[in-house]
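Have the viewer open as you read.

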Amino acid sequence: MNKKGMLVIISGPSGSGKGTVVKQLNRKDFALSISMTTRKPRAGELNGKDYLFCTKEEFVKIRESGGFLEHAEFVGNMYGTPKEYVKNQVNEGKAVILEIDVVGALQVKEKFEDSISIFLIPPSISDLYSRLKGRKTEDDATIIRRIKRAKSEIEYMQKYDYIVINDDINEAVQKLHTIIDSEYLKPSRNQNFINKILGDDFDVTTVLFGTNEQIERN
């Protein structure tokens, strides 16, 4: 593969629809990064597919060995992105989708300057509240904490490369595809092709008039 891979950071408040959107980014040149977490699985979530679920002891051991690309703690739970998997996929030319919170996003941007960051946000805070309430997975106290955290996360939107308002899932997914495809067209991600075309020794004179020997005979 000639094009250079990239890290695509997608973050936003809890309830912004990150998980739903990311699940629809299933092209062959994409690779979804699976985060490790100490929180309990929600209904329908599978270990190894949605998250890598682990104990706090296991998480701390991996963190201390430097095995995470980023890690953070949120509402009493730990989250981290395994480093080796991400690096391998980027080296293969894929766009690795990292669904992480703001703290994790800033950590990754410091380590990978060539990454792109996308902030996913609902149209309003009231809409965000309705989504959190509608999930029926958390009590009111937890929802209040999530809303407060969301307001603090929104302050970091200007540090991102792109902002996508998630009012309609299909439109949000299309915008993400457009952003990534545009990034793939940058010269910095196509250095192999640039080197190839610059080194092309195609000789139009030979094609039109033949070899030097043929030209002399004529």
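## Strands 5 and 6

Strand 5 (residues 68-74) runs antiparallel to strand 6, and the two pair over 6 bridges. Strands here are DSSP runs of E with at least two residues, helices are runs of H or I with at least four, and both are numbered from the N terminus. Two strands count as paired if DSSP finds at least two bridges between them. The hairpin they form has 2 residues between the strands, and Val 75 takes a positive phi near 50 degrees there.

This is a predicted model, where local features need pLDDT of at least 70 and side-chain atom pairs count only at pLDDT 80 or more, while totals for chains, interfaces and linings use all residues. Residues are numbered from 1 along each chain as its sequence is written, and side-chain values use heavy atoms, with hydrogens and water left out.

## The sheet around strand 6

Zoom out and you'll find an open sheet of 4 strands in the order 4-3-6-5, with mixed pairing. Strand 4 (52-53) and strand 5 are at the edges with a single partner strand each, so one side of each has no neighbour in the sheet. Helix 3 (residues 83-91) packs on the sheet, where it touches strand 5 and strand 6, and its direction makes about 35 degrees with that of strand 6. That angle is taken between N-to-C directions, from 0 to 180 degrees, using lines fitted to C-alpha atoms, for helices over the stretch in contact.

Strand 3 (residues 36-37) also pairs with strand 6, antiparallel over 2 bridges; there, Thr 37 has Tyr 79 as its bridge partner.

## Inside strand 6

How many residues of strand 6 are buried? It's 6 of the 6 (residues 77-82), so the strand is largely enclosed by the rest of the structure. Buried means under 20% relative accessible area, exposed over 50%, and partly exposed in between (1.4 Å probe, protein chains only). Asn 77, Tyr 79 and Thr 81 point one way, while Met 78, Gly 80 and Pro 82 point the other.

Key:
Contact = heavy atoms within 4.5 Å.
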